[in-house]
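This report covers aromatic ring pairs and charges placed over rings. The structure is shown first.

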Amino acid sequence: MAIQNPPVSQTKSFSTVFLIEMWERFGFYGMQVLMVTYMVKKLGFADVDANLVWGAASALIYATPAIGGWIGDKFLGSRRTMLSGAVVLMMGYALLWIPTNNAYALYLALGVIILGNGLFKPNAGNLVRKIYEGDEVKIDSAFTIYYMAVNVGSTISMLLTPWIRDYVGEHYGDALGWHTAFGVCSIGLILGLINYYFMRRTLAHIGSEPDYQPAKAKNVLGVIAGGIAIIAVSAYILQNQGVAQLCVYAAGVVILGIFVHLIRSSEPGERAGLIAALVLTIQTIFFFIFYQQMSTSLNLFAQRNVDLSFGIFGFEIFRWIPEQFQSLNAIWIVILSPILVWIYNSLGRHGKDFPVAAKFALGFAAVAAGFFMYGLGATTAVNGAISSWYMVWGYGLYSLGEVLVSGLGLAMIARYVPARMGGFMMGAYYVASGVAQYMGSVVANFAAIPDNITDPLQSLPIYTSLFNKLGFVGVGCTVIAVAMLPLMKKLSANHALSALPPIPPVHNEDL
């Protein structure tokens with residue numbers, strides 16, 4: 001273990017991970033905000049095909065962290081693997097920068113992004129867990145702030161890249177507009193890597209065991225070879241939807257099987273925590289079905305059935321580009337996260353912090369209300385376009401649910417999963433999220449608009465029918481989450497009792 005002299009504070013170490021995560025998310029969401037409409041408007045994909053390709057990419061983006069967490073735990077170390085992932089992501093966005101409209105070039109670039117994300121995500125989260133290990137109140141607060149980092153970066157990029165696309169497209173040609181906007185995502189990663197270089201000392205004492213040893217050549221070569229294979233396989237899957245569907249659902253079955261195996265083979269004191277993590281992970285899957293609507297059905301809804309003008313008392317204040325509505329999610333999370341951190345800390349100081357399971361139930365209730373808001377907007381639509389303010393409040397309610405559910409999903413892994421499984425289980429959590437996002441794209445296709453429908457009055461009821469149904473599903477998830485509270489309380493109590501003995505010496509390097 002590397003010893004810092006003088007010791008580095010938790011805040012400085014956390015800030016380093018926070019900032020590189022912020023820039024990494026800047027790149028990812030700057031790309032995501034444009035991807036479905038790029039496939040529809042530039043590459044000529046039908047709504048159904050664009051939704052499913054992005055759904056498969058999302059699933060793979062969230063599935064590969066299971067491999068990345070394993071690599072970080074066993075071979076390269078969490079710090080090295082996170083840094084490698086950032087470099088690969090930079091290369092993936094740079095490929096999208098190349099001005100070509102070849103669909104195969106898109107699949108290749110997405111394959112590189114899938115690999116980079118797999119290396120980066122679980123290890124960044126695992127470093128945060130190690131920084132605050134042993135302090136449950138601070139873990140919830142730290143992961144909520146960490147989640148806010150995602151949304152600081154994504155807010156800027158989701159507002160910026162659509163504007164860059166339109167500005168460059170207007171002055172230098174449509175094709176150059178799209179690819180320049182994607183190139184900005186690569187520049188974001190370059191800035192993040194430069195920032196990390198100057199702050200790297202603050203993480204020198206944080207990492208997994210391989211971080212404290214010289215990297216072995218066979219491990220590095222093995223990771224490179226495996227990475228190339230992942231890129232090739234991902235590109236193949238993205239252009240074959242039948243294969244994509246089979247792989248995604250098979251991954252879900254495998255992750256469930258791994259959870260069951262770990263629960264059965266774990267120490268008695270670890271079992272209650274793992275069962276609690278499984279229950280909350282299943283609930284998270286349902287949340288990510290809702291989440292995927294942001295880049296699919298809600299994105300295309302904004303293209304066709306939302307008044308792009310923001311006005312008060314009949315006076316226009318400003319107008320947005322349709323893709324920019326996705327930034328409302330990030331803006332709300334940046335606003336809500338500090339408020340929730342203050343609430344968590346205040347309740348924690350008085351020993352009254354309510355459990356993660358209760359926060360999940362509240363989150364589903366907020367998500368349900370958010371989707372009903374879009375249906376409510378349709379009742380006052382003018383010429384098939386709802387007011388942009390309904391989007392603001394719908395995204396606000398949905399985002400509150402996201403902070404309560406997805407924002408605490410990582411904290412749930414940190415709290416309930418034994419440290420020796422930390423990196424892998426972070427990855428397993430992301431796989432479950434990826435399966436759910438593919439399912440979300442399948443759900444979004446219930447509102448896919450046929451090519452022969454161009455009238456907003458015809459497309460509006462198709463979209464709002466889906467959103468109202470999702471609202472009722474959200475109500476059902478809330479009821480189930482509330483019904484599970486007694487079981488979760490019992491599991492959490494058993495986990496807390498098993499955690500009372502001193503931490504074994506084998507984990508000393510994580511403290």
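## Aromatic pairs

The count comes to 35 aromatic pairs, where rings of Phe, Tyr and Trp (its six-membered ring) pair if their centres lie within 6.5 Å. Planes under 30 degrees apart count as stacked, over 60 as edge-to-face and the rest as tilted. W70 and F75 make an edge-to-face pair, because their ring centres are 4.9 Å apart and their planes stand at 85°. W70 is partly exposed, at a relative accessible area of 45%, and F75 is partly exposed as well, at 29%. Buried means under 20% relative accessible area, exposed over 50%, and partly exposed in between (1.4 Å probe, protein chains only).

This is a predicted model, in which local features need pLDDT of at least 70, side-chain atom pairs count only at pLDDT 80 or more, and totals for chains, interfaces and linings use all residues. Residues are numbered from 1 along each chain as its sequence is written, and side-chain values use heavy atoms, with hydrogens and water left out.

F290 and F371 form a tilted pair, 5.8 Å centre to centre with 40° between the planes. The pair links distant parts of the chain, 81 residues apart: F290 belongs to helix α10 (residues 268-291) and F371 to helix α13 (residues 356-378). Helices (H or I, at least four residues) are DSSP runs, numbered from the N terminus. Both F290 and F371 are buried.

Ring pairs also join F290 and F371 into a cluster whose members include Y62, F287, Y374 and F467.

## Charges over rings

A charge sits over a ring if NZ of Lys or CZ of Arg is within 6 Å of the ring centre and within 35 degrees of the ring normal. R165 lies over the face of W178, 4.7 Å from the ring centre. R200 lies over the face of Y197, at 4.2 Å from the ring centre.

Methods:
Helix = DSSP H or I, 4+ residues; strand = E, 2+ residues; numbered from the N terminus.
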